[in-house]
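Subject: Structure handover

Hello,

Here is the structure for you to look through. My notes on what was found in it follow below.

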Amino acid sequence: MTATVETNPPRALEIGASVVPLLALAVFINYVDRGNLATAAPLIKDELKLSNTQIGVLLSAFFWSYTPSQLLAGWLAERINAYRTLAIGLALWSVATAATSLASGFVALFGLRLLLGLGESAAFPCSSKLLAHHLPSEKLGAANGLIGAGLALGPAVGTLAGGLIMAAAGWRPAFLIFGLVSAIWLWPWLTTTRSASRHADEPTHDRAPSFLEILRHREAWGACLGHFASNYSFYFVVTWLPLYLVKARGLTMSEMAQVGGLIYLVYAASSMATGAICDRWMRAGGSANLVRKSTVIASHVLVGASLTTCAFGDAKISVAGLFVAAVAFGINTPTIYAIGQTLAGPRAAGKWVGLQNCAGNSAGILGPIITGVVVDRTGEFFWAFIIAAGIGLTGVVGWGLVIRKVAPVQWRPGRC
């Protein structure tokens, strides 16, 4: 098989400095908007008289469209370019967020969560395509760390600001405000990337490999398994944290907002620090394989240990365990995307991460429903934490064993 040598064009590197912060901001907005329902869950549950299982279905519904749409987003990132695909996605999810303020029942909320998932599916395939295109491997850690900080700060702001707004004015005004504010991002993005988007439309003979060709590599399967394990434990915390703190630990909405916000701030700091440390390690001579694998395996072990501690501990120990889990999520987030981007290279990063994220986010479909059913049947969160910890540990197999080496996959020239 003939390998293609992939490099980052000088023009791409020149505009990377402006693209990366806007990508991080888009991911920040993404997680503010997707997390609002979890923050509002205690209020919505009481107002609409919903069961824990129904809340679980609503939290899961987002992923019913978000997960398969990863493949569509990865394809569109190649077809109409990643700049344009991301703009369309953000416009769509802003509308869905604002419209949620008008929902009057379970069915309406369910439909809007599906629409939100469709729009938000553009974020990671597009951002990974652009990072792989703009940056060399030894700079992917810090860039993904910044995006990981956006990912963490989104729930932090959504939980803190959203929780305080909801406590003062109710949940409906919060959705309207966040939806309208989200749409503002489109202006700097379209202004900054206009010329780059036109350049990306130019014909190329070096097209991306197909999804089928990607799946012929065992590394893709390892990344999918590892991402699923990571996301199950992460989404368990993201989707159920507000309801857990309020209903199981007795915090008020304001107290929940403060504790939840601090947890996500720890996550953001951990993500940025991990990205920077990994890049420095690689510049000092560490291979991508050693750096990425060591980091991601450590994160999964720490997640399993911290969530198990939450299951057995009292209120104070459980909250402490959640803070440790936040550190672990911060270690994990920049690494799993850097691994995918490194394996895929600039040609295939959009489709690869779309496929990887599709498999990973199937955990978002299953996890909230499983947790809701388990909590309804047992009356507590103990087994929900144990399940999340156990699944989180399986990521060691995917990243550590199935993926033989974190190094660029060799694609056949012109494959599409």
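**Arg34 and the aromatic rings**

The charged end of Arg34 sits over the ring of Tyr66, 4.7 Å from its centre; for such a placement, NZ of Lys or CZ of Arg must be within 6 Å of the ring centre and within 35 degrees of the ring normal. The ring of Tyr31 also has the charged end of Arg34 over it, 3.9 Å from its centre.

Please note that this is a predicted model, in which local features need pLDDT of at least 70 and side-chain atom pairs count only at pLDDT 80 or more, while totals for chains, interfaces and linings use all residues. Residues are numbered from 1 along each chain as its sequence is written, and side-chain values use heavy atoms, with hydrogens and water left out.

**Aromatic pairs**

The whole structure holds 24 aromatic pairs (Phe, Tyr and Trp rings, the six-membered one for Trp, with centres within 6.5 Å; planes under 30 degrees apart are stacked, over 60 edge-to-face, the rest tilted). Phe63 and Tyr66 form an edge-to-face pair, with 6.0 Å between centres and 90° between the planes. They are about one helical turn apart, because they lie three residues apart in helix α2 (helices are DSSP runs of H or I, at least four residues, numbered from the N terminus). Both Phe63 and Tyr66 are buried (buried is under 20% relative accessible area, exposed over 50%, partly exposed in between, with a 1.4 Å probe and protein chains only). One aromatic cluster includes Tyr31, Phe63 and Tyr66.

**Thr67**

Thr67 counts as buried because its relative accessibility is 4%. Its side chain reaches the backbone oxygen of Phe63 at 2.9 Å (a polar contact: N or O atoms within 3.5 Å, one able to donate a hydrogen and the other to accept it within protein, and residues adjacent in sequence counting only if both atoms are side-chain atoms). Leaving out residues up to four places away in sequence, Thr67 touches Cys358, Asn361, Ser362 and Ile365 (heavy atoms within 4.5 Å).

**Helix α12**

Helix α12 covers residues 315–378. A kink of about 130° is centred on Ala348 (the angle between axes fitted to the seven residues ending there and the seven starting there). Of the 64 residues in α12, 46 are buried. Just after α12, Gly379 has a positive phi of about 75°.

Regards

Definitions and conventions: Helix = DSSP H or I, 4+ residues; strand = E, 2+ residues; numbered from the N terminus. Expected span 1.5 Å × (residues − 1).
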